[in-house]
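Please look through the sequence and the model shown here before reading on. The paragraphs that follow begin with charged side chains and then turn to helices and annotated regions.

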Amino acid sequence: MNVFDIAGRAMSAQLVRLNATASNMANAGNVTGSAGEAYRAIKPVFESVTDTPGVSTVKVKNVVTTNAQPTKRHDPNHPLADANGDVWEAAVDENAELVDMIETARMYQNNVQVLNTAKSLMMETIRIGK
């Protein structure tokens, strides 16, 4: 693995994380007629990848559904309300998702900066070698 492989894999992992966060935000506030049908936030699980000692990166092992419970709300006029007049709102913490989105974007940008720096150093080395 070289610096481009390491940063590229890290960027791919952060892209999965960003897509999961976007899916969670898109489903925040959705309601359904039962707790079992309610949307629950998803999160990627990362795994360290080490090809040679001292050189490692990350990959997405899988994407899991959180154990967060949907919020029960009494709304008898809602078309999805059950016999008791209750609906369940998606189990998504919008504030936590926004923080996660900002953190993910910053990590992605850090890896872009690593790639740009490596490219600049390589170009400078080629220029000096001429």
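Arg17, Lys43, Glu97, Asp100 and Glu103 are joined in a network of salt bridges, a salt bridge being a side-chain nitrogen of Lys or Arg within 4 Å of a carboxyl oxygen of Asp or Glu. This is a predicted model, in which local features need pLDDT of at least 70 and side-chain atom pairs count only at pLDDT 80 or more, while totals for chains, interfaces and linings use all residues. Residues are numbered from 1 along each chain as its sequence is written, and side-chain values use heavy atoms, with hydrogens and water left out.

By this rule the count comes to nine salt bridges. In one of them, Glu47 pairs with Lys59, with the closest N and O atoms 3.6 Å apart; Glu47 lies in strand 2 (residues 42–52) and Lys59 in strand 3 (residues 55–65), twelve residues apart, where strands (E, at least two residues) and helices (H or I, at least four) are DSSP runs numbered from the N terminus. Glu47 is partly exposed, with a relative accessible area of 29%, and Lys59 is partly exposed as well, at 42%; here buried means under 20% relative accessible area, exposed over 50%, and partly exposed in between, with a 1.4 Å probe and protein chains only.

Another salt bridge brings together the side chains of Lys72 and Asp86, at 3.5 Å from N to O. Because Lys72 belongs to strand 4 (residues 71–74) and Asp86 to strand 5 (residues 86–89), the pair ties together parts that are 14 residues apart in sequence. Lys72 is exposed, at 53% relative accessible area, whereas Asp86 is buried, at 7%.

Turning to the helices, the axes of helix 1 (residues 3–27) and helix 2 (residues 94–129) come within 9 Å and cross at roughly 160°, the axes being lines fitted to C-alpha atoms over the stretch in contact, with angles running from 0 to 180 degrees between N-to-C directions. Helix 1 is therefore roughly antiparallel to helix 2, a term for angles over 145 degrees.

Finally, the UniProt record, whose annotations may be inferred rather than shown by experiment, lists in an unreviewed entry "domain: Flagellar basal body rod protein N-terminal" at residues 5–33. Over residues 5–33 the chain is 79% helix and 7% strand, with its end C-alpha atoms 46 Å apart. For residues 90–127, UniProt lists "domain: Flagellar basal-body/hook protein C-terminal", also from an unreviewed entry, and over these residues the chain is 89% helix and 0% strand, with end C-alpha atoms 56 Å apart.

Conventions:
Parallel < 35°, antiparallel > 145°, perpendicular 65-115°, else oblique.
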